[in-house]
Amino acid sequence: MTDVLNSLILLLVAAIAYGTPLLFGTLGEILTEKSGNLNLGVEGIMFMGGAIGLGGMFYFEKLTGITSYPLAVLIALLAAFLAGALASLIFSFLTITLRTSQNVTGLALAIFGTGVGQFAGEMMRIRVGGYVSLSLELTNALPASPFPQALQDIPYIGKLLFGNSIFFYLGILAAVLMHLFLKKTRKGLYLRAVGENPSTADSAGISVTRYKYLATVVGGGLSAIGGVVYIITTAGCTWNNEGLSGVGWLAVALVIFCLWRPLSALWGSVLFGALMILYMRLQLPFIPTELYKILPYVVTVIVLILSSLRNNKEKQPPEGLGLAYFREDR
Amino acid sequence: MAESIKAPLIRLEKRGENGLNPAAVWGIRLGSIAAALLLGCVAILLTGNNPIKAYGTMINGALGTAVYRQQTIKRAIPLLGCALAIAPCFKMRFWNIGAEGQITAGALAATFVARTCTGKLPSLPLLLLMALAAMVLGGLWGLIPGFFKAKWNTNETLFTLMMNYIIIGVVAWLQAGPWEAKQGRIAHFEEAAELPLVAGIHCGWIIVLALVLFMHVYMRHTKHGYEIAVIGDSLRTAQYAGMNVGRIMMRTMFLSGAISGLVGFIIASGTSHTLSREIAGGVGFTSITVAWLSQLNAFAMVAISLLLGILSKGAATLQTVMNVPVAISDIITGLLLFCMLGSEFFINYRLILRKKRGGKEARK
Amino acid sequence: MGIGPYGYSYNERMVYLEYAIELRGITKRFGPVVANDGIDLGLARGEILALLGENGSGKTTLMNMLAGIYLPDEGRILADGRPISIRSPRDAYAHGIGMIHQHYKLVDVFTAAENIVLGMEGEKKLDIKKANARVREICERYGFDIDPEKKVYDMSVSEKQTVEIVKVLYRSAEILILDEPTAVLTPQETDRLFAILRKMREDNKAIVIITHKLNEVMAISDKVAVLRKGKYIGTVNTAETDPHALTDMMVGRSVTLNIDRPLNPDRAERLRVSGLTVFDHEHVKKLDGVGFTALGGEILGVAGIAGSGQKELLEAIAGLCPVARGSITYLPPEGGADELVGRTPMQIRKKGVSLAFIPEDRLGMGLVGSMGMTGNMMLRSWRRGSGPFVKRKQPRDLANKVLNDLEVVTPGIEFPVRKLSGGNVQKVLVGREIASSPSVLMTAYAVRGLDINTSYTIYNLMTEQKMKGTAVIFVGEDLDVLLELCDRILVLCGGKVSGVVDARTATKEEIGLLMTSVGGKEGA
């Protein structure tokens with residue numbers, strides 16, 4: 001019995017580790033989509049966040065010689081955020097100001113971002129002449145829990161509640177803050193109005209352009225943090241070209257799965273994380289292990305179909321999602 | 001709103017009846033390509049190389065010798081084929097971004113036929129059967145989201161996107177499980193299941209060129225093409241004319257998926273000679289931008305897919321010669337797409353700058 | 001007071017003090033069309049002003065300039081005697097002006113209160129409880145019946161309208177403009193709305209109600225201002241006028257157009273409609289037991305104020321909108337009878353029923369804007385012939401024929417029709433429909449936005465068709481045209497047939513009264 005429980009807890013902890021990058025990627029995309037922008041470039045944004053976040057930490061440590069956990073976390077977040085915000089700024093400028101197609105521009109950003117991420121990662125590898133990795137101290141500390149060992153040693157719940165990387169707790173914070181922002185603040189309400197019905201928002205005197213830009217840029221920054229979190233929690237703080245591939249697309253799927261709700265993204269990301277690693281941990285008869293990996297997508301498709309079938313107004317994408325809004329069309 | 005108190009600094013105006021003259025349009029488009037290449041210089045400079053030399057290397061690597069040219073064309077073939085597949089969907093304003101999956105589905109079906117029928121059939125029937133199977137499975141993979149869109153208006157962008165990863169997951173499973181030969185790879189095809197070479201390149205190039213003609217005729221001269229164009233322009237007009245929009249939507253998605261599936265067969269049988277989860281390798285996504293930038297014109301797609309083929313082959317050479325990461329190709333492709341997408345705005349709109357004085361009075 | 005139906009001359013010094021908002025010499029042009037021509041109007045506090053006029057007379061445009069949607073080209077707007085400029089809805093609110101548009105601007109997934117506070121300045125934190133309370137308070141004061149926490153998608157049309165009104169009151173508007181508020185309401189809901197408007201009047205607010213329904217004008221307003229074809233006609237006290245006088249002001253004197261109207265001696269029943277009832281997708285009844293016959297060799301005019309069911313009538317016959325009850329029987333010239341209800345547009349055509357339908361939304365429904373004339377001619381014939389290919393020769397010939405016969409001005413037959421002027425677009429559409437030699441030809445607002453010459457071309461084409469034996473159904477808005485072009489006129493009012501008159505003997509007043517249903521009994 002204890003064995004089962006213990007392995008379940010281990011599974012959950014691992015699921016959280018795999019789910020945390022998704023959580024950030026998803027939260028960022030939720031914010032973006034709430035403004036009516038469908039940014040399909042998340043994959044590219046997360047690659048950029050991963051490479052540039054890692055690069056930030058790596059060069060900071062190398063150049064200053066300071067090995068500091070809090071500073072490393074801060075630099076990782078900041079560098080990744082800036083990279084993602086910049087990428088989304090390109091997207092915003094093209095789709096909002098130059099009125100290009102969101103789908104096509106998003107895909108172009110996915111290609112571009114993946115390229116920039118891999119290019120940056122490779123360049124660092126070439127410059128360094130080997131693996132780009134942080135000091136052993138940081139490599140061990142970053143994915144580990146920030147809480148004292150005593151808390152983690154509490155039977156059962158200790159590992160679960162206090163045994164995760166700091167990024168998971170930051171992710172929870174971000175999700176809760178985003179939920180409060182969207183539901184409880186004036187700006188959040190206005191942002192949702194922009195995504196639902198931009199012409200109504202416009203006629204109410206809300207600057208559709210400003211809201212779209214801000215939400216998309218901040219959302220892109222958040223998504224990019226997911227990239228660097230992935231490098232830290234699951235890729236051992238080193239760069240490899242393929243590691244991140246697919247995470248961004250999974251984040252786009254998760255946005256649909258959790259019906260554009262930041263709080264649902266919390267358990268959704270853990271669930272998707274679990275599905276990603278189940279094949280390593282759990283052997284079930286009849287279900288081939290590799291097929292676990294497609295479960296998130298299958299489930300998402302089912303959610304998508306059901307929500308269109310039931311036509312429940314609360315469970316639909318923002319009404320203006322993917323559509324360009326121009327004032328003259330009013 | 002505060003901004004509207006005075007006339008805005010820059011005002012937009014849609015270009016009138018005749019728009020820009022063709023020379024200016026092409027000027028803007030070529031200018032955007034030049035701008036992208038210029039921006040690409042920044043990335044090359046970061047590697048400590050001379051951009052002019054780098055671009056020279058790329059062009060040489062892509063077009064310098066017959067073999068290089070063949071390899072460049074090999075890279076352009078799937079892009080072109082897949083862009084052609086996407087064109088009718090986009091013309092209909094059905095945002096099929098599932099070509100990646102439809103390619104994979106086609107390759108999967110072709111591989112299945114190759115595995116089961118090799119040795120039992122001579123080469124030509126075998127290849128034809130592989131192509132047919134690829135088209136059917138690719139078509140079905142496109143039909144599923146098409147069906148739900150037609151029936152319940154399920155969001156096709158997100159649906160087709162998800163379908164990509166489902167089929168890629170299935171291939172990953174086959175690769176590591178039932179079809180595994182060794183080390184998580186599927187065995188190479190027998191020679192009978194490989195596309196024969198014509199002029200040094202697998203004969204897929206003939207297939208896609210035939211597809212160019214087919215798609216041009218299909219879109220411009222057939223009843224189907226006409227229906228697609230009317231639906232894309234106005235759903236209400238299509239209904240007014242008595243078209244069965246749902247059926248046309250499903251039919252078009254099947255066709256689109258089938259052509260993508262055929263491309264999957266070409267890649268599997270012509271290039272990789274095996275199946276793997278990376279078989280589509282992003283072609284499905286890149287080709288969407290090819291189709292879009294060509295404004296769904298089949299002949300323009302030939303040029304743009306060749307351009308991207310040159311970039312990608314050139315970048316591969318750049319890596320071996322100058323040690324510039326091959327990802328530079330994705331960066332330049334991305335920049336190229338950004339600039340070309342953005343340039344359309346300047347073709348369609350005229351910017352009117354506010355006059356220094358009098359702007360305020362004019363609105364009073 | 002010196003106020004008469006045609007000669008209201010206003011005294012500047014007097015109104016200076018009296019009016020909350022005053023318009024002086026307001027002119028608004030859209031391209032060559034003058035929508036408002038030098039209009040003077042005053043809105044007083046504690047008064048309900050009805051702004052009356054036919055469709056296209058410029059009522060909504062005028063009020064949109066108060067609401068900050070348009071800027072006037074000429075003229076001034078005064079608030080309490082001081083000139084102001086209104087450049088956005090926000091400006092309008094700042095001056096206490098709120099307009100309830102015909103198309104509601106609401107976010108479906110938001111609650112009433114969330115919609116109401118949208119766009120307002122305020123604290124960072126959204127205190128929705130406070131907003132709910134304030135909404136409830138307003139509702140109580142004026143007798144609205146809405147739940148601030150109800151989602152808009154769960155609301156009826158009338159509730160949505162209420163939200164729009166509360167939205168305006170929430171912003172402390174002193175001047176309320178309602179654009180055709182009763183168009184979507186049931187009689188009971190209309191009564192309730194009027195009670196609320198009266199309460200607001202007691203509250204000393206200035207209220208404008210845009211309408212073309214005379215009975216409502218008589219029921220609710222204190223004063224009536226009439227516009228006709230963009231011009232200000234005059235203002236009268238409601239108590240001192242009657243529907244006949246208002247109709248006169250609204251439609252003006254008859255104008256002689258000299259449209260040629262020969263009589264086709266060979267007339268035969270071609271279309272028999274009975275008990276036709278249609279609901280729109282919001283489940284509002286749009287047609288209510290409509291019955292009539294259309295004869296081959298005759299132009300049947302359809303008159304009625306906008307939204308009386310004209311569009312639904314044509315679409316139902318064409319098979320484009322579902323019919324709840326009733327029958328539409330087609331009687332082919334060669335004999336027999338075919339029921340059209342329940343058939344798709346394609347089946348209707350396949351049965352050999354040739355209905356040519358010219359919808360009012362030309363580019364959105366009748367034509368493919370991105371294609372040239374040839375492509376648009378094909379919309380009727382693309383399925384013809386066996387094999388997968390479309391035949392272009394015949395449509396191209398047809399395009400050339402239409403181009404020459406109707407004198408379409410276009411750089412070429414492959415030039416996208418979207419870029420043509422309205423008149424030319426209409427010629428392409430009419431040319432195509434007539435070319436299919438229909439036995440029933442239906443048109444909706446065929447001459448809307450066209451210049452005089454093109455309009456006459458269209459009239460002549462209709463008459464030509466009539467003389468060929470076609471049953472022409474002509475939905476129009478200009479009574480002068482209907483009276484001179486048609487043989488008989490069917491008048492719709494609120495989805496019902498309020499009368500069928502002989503166009504050769506009927507008068508404009510007679511039809512005007514039928515349209516507004518006040519004269520329903522005496523006219524029928």
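Mentor: A residue counts as buried if 20 or more other C-beta atoms lie within 10 Å of its own, as exposed if 12 or fewer do, and as partly exposed in between, the C-beta atoms being placed from the backbone. The model is predicted, and in it local features need pLDDT of at least 70 and side-chain atom pairs count only at pLDDT 80 or more, whereas totals for chains, interfaces and linings use all residues. Residues are numbered from 1 along each chain as its sequence is written, while chains are lettered from A and ligands numbered from 1 in the order in which they are written.

Trainee: What percentage of the residues in chain A is buried?

Mentor: The secondary structure of chain A comes to 14 helices and 0 strands, where helices (H or I, at least four residues) and strands (E, at least two) are DSSP runs numbered from the N terminus. The C-alpha atoms of this chain fill a box of roughly 60 × 50 × 35 Å along the principal axes. Of its 330 residues, the buried part is 56%.

Trainee: At what angle do α2(A) and α3(A) pack?

Mentor: Axes are lines fitted to C-alpha atoms, for helices over the stretch in contact, and angles run from 0 to 180 degrees between N-to-C directions. Helix α2 (residues 42–64) and helix α3 (residues 69–97) of chain A have their axes 8 Å apart, and they pack at an angle of about 145 degrees.

Trainee: Is the crossing of α2(A) and α3(A) left-handed or right-handed?

Mentor: A crossing is left-handed if the near helix is turned anticlockwise from the far one by less than a right angle, and right-handed if clockwise. For α2(A) and α3(A) the crossing is right-handed.

Trainee: How many nonpolar, polar and charged residues make the contact of α2(A) with α3(A)?

Mentor: Two residues are in contact if their C-beta atoms, placed from the backbone, lie within 7 Å. On α2(A) the contributors include G44(A), M48(A), G49(A) and F60(A), and on α3(A) they include A72(A), A80(A), A83(A) and G84(A). Ala, Val, Leu, Ile, Met, Phe, Trp, Tyr, Cys and Pro count as nonpolar, Asp, Glu, Lys and Arg as charged, and the others, Gly among them, as polar. The contact then divides into 12 nonpolar, 6 polar and no charged.

Trainee: Which element gives the most residues to the side of chain B that touches chain A?

Mentor: That contact takes 43 residues from chain B and 44 residues from chain A. Its chain B side has 29 nonpolar, 13 polar and 1 charged residues. The elements giving two or more residues include α1 (22–46), α5 (123–152) and α6 (156–176) of chain B, and the one that gives the most, with 12 residues, is α6(B).

Trainee: How many charged residues are on the side of chain C that touches chain A?

Mentor: Here 16 residues of chain C are in contact with 16 residues of chain A. The chain C side divides into 7 nonpolar and 3 polar residues, and its charged residues number 6.

Trainee: Within what arc do the buried residues of α9(C) fall?

Mentor: In helix α9 (residues 243–251) of chain C the buried residues are L246(C), T247(C), M249(C) and M250(C), and they pack against elements including β3 (47–52) and α18 (508–515). The arc is that of the directions from the helix axis to the C-beta atoms. These residues line one face of α9(C), because their arc is 165 degrees.

Trainee: What is the phi of R99(A)?

Mentor: R99(A) is found in the loop between α3 and α4 (102–128) of chain A, and with 18 C-beta neighbours inside 10 Å it counts as partly exposed. Most residues other than glycine have a negative phi. R99(A) is a residue other than glycine with a positive phi, near 60 degrees.
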